[in-house]
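Colleague: Please take a close look at one part of this model for me, and walk me through how its neighbours meet. I have the sequence and the structure open.

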Amino acid sequence: MAENDGFDLLLVKRCFEEAKQSDDQILLQKYLEGFKEIDRFFCMMGTLFSFIARDITEKSRILQQHASEHPDEFVSAQSIVDYEVSNDLTRTKTASGLLSGSRTLLRLHRSLLFFANFLGRVTEIDDEARCSKVASEVYSTTLGNFHPWLIRQAAYLAMRSLPVKKVLVRDYIKQGKEEAEELVPQLVKSMLDVHEVVQSLYSANNILELP
């Protein structure tokens with residue numbers, strides 16, 4: 001893979017830094033822009049990860065369609081939740097058949113924690129260590145808690161195909177090794193800062209367990 005085709009750590013860091021405003025508003029479009037690159041990362045990981053990539057693509061599509069139908073309400077995570085909670089829409093579909101924005105955003109929110117924790121753990125392992133073990137451990141404590149048995153087994157199978165850290169950085173990351181080592185902690189922080197705000201928002205509105 002050519003260097004410029006790799007996962008762009010700097011781009012995603014900027015997206016999530018810009019998504020979180022000074023008043024803690026989480027801007028939807030910047031959030032989705034960051035996820036577009038995360039989606040591309042899973043696509044690069046091969047066909048076994050296609051189910052994760054497809055899910056991110058679909059959730060992003062739903063939120064973009066909501067934003068086109070209700071541009072004033074789908075500006076930020078806060079405006080989405082305020083609108084749907086106030087109108088008792090968090091558990092219903094729209095007239096056009098879309099699942100609620102709150103439910104859809106919650107699925108991406110859970111994926112964000114998995115991805116942030118995975119990248120954070122990768123920085124702690126040796127260059128020759130396999131990323132598969134780290135990914136499986138992080139998955140079991142994050143996304144795995146919300147997936148049915150069949151999806152969990154597919155996820156664990158996909159993670160077994162992950163390369164050692166050295167190969168992951170060399171072949172799938174846009175930045176070089178030294179720059180990547182500097183950027184990853186900053187990227188992880190930007191994602192976890194956004195996750196913390198959204199987690200508090202959902203908790204305050206008692207919608208962390210939307211079906």
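Modeller: Happy to! Let's start at Asp-88, which sits in the loop between helix 4 (77-86) and helix 5; helices here are DSSP runs of H or I of at least four residues, strands are E runs of at least two, and both are numbered from the N terminus. This is a predicted model, where local features need pLDDT of at least 70 and side-chain atom pairs count only at pLDDT 80 or more, while totals for chains, interfaces and linings use all residues. Residues are numbered from 1 along each chain as its sequence is written, and side-chain values use heavy atoms, leaving out hydrogens and water.

Asp-88 has a positive phi of about 55° although it is not a glycine. At 62% relative accessibility, Asp-88 is exposed (over 50%; under 20% is buried and in between is partly exposed, with a 1.4 Å probe and protein chains only).

Helix 2 (residues 28-44) and helix 5 (residues 101-122) pack at about 60°, with axes 12 Å apart; axes are lines fitted to C-alpha atoms over the stretch in contact, and angles run from 0 to 180 degrees between N-to-C directions. The two helices are therefore oblique to each other, the class left over once under 35 degrees is roughly parallel, over 145 roughly antiparallel and 65 to 115 roughly perpendicular.

On the helix 2 side you'll find Tyr-31, Leu-32, Phe-35, Ile-38, Phe-41 and Phe-42, and among their partners in helix 5 are Leu-108, Leu-112 and Phe-115; contact means heavy atoms within 4.5 Å. By class, this contact has 12 nonpolar, two polar and no charged residues (Ala, Val, Leu, Ile, Met, Phe, Trp, Tyr, Cys and Pro are nonpolar, Asp, Glu, Lys and Arg charged, and the others, Gly among them, polar).

Now for the rings. Phe-7, Phe-41, Phe-42, Phe-49 and Phe-115 form one aromatic cluster, and the structure holds 13 aromatic pairs. Phe-7 and Phe-41 have ring centres 5.2 Å apart and planes at 65°, so this pair is edge-to-face; rings of Phe, Tyr and Trp (its six-membered ring) pair with centres within 6.5 Å, and planes under 30 degrees apart are stacked, over 60 edge-to-face and the rest tilted. The pair links distant parts of the chain, with Phe-7 in the segment before helix 1 (9-19) and Phe-41 in helix 2, 34 residues apart. Phe-7 is buried at 0% relative accessible area, and Phe-41 is buried at 2%.
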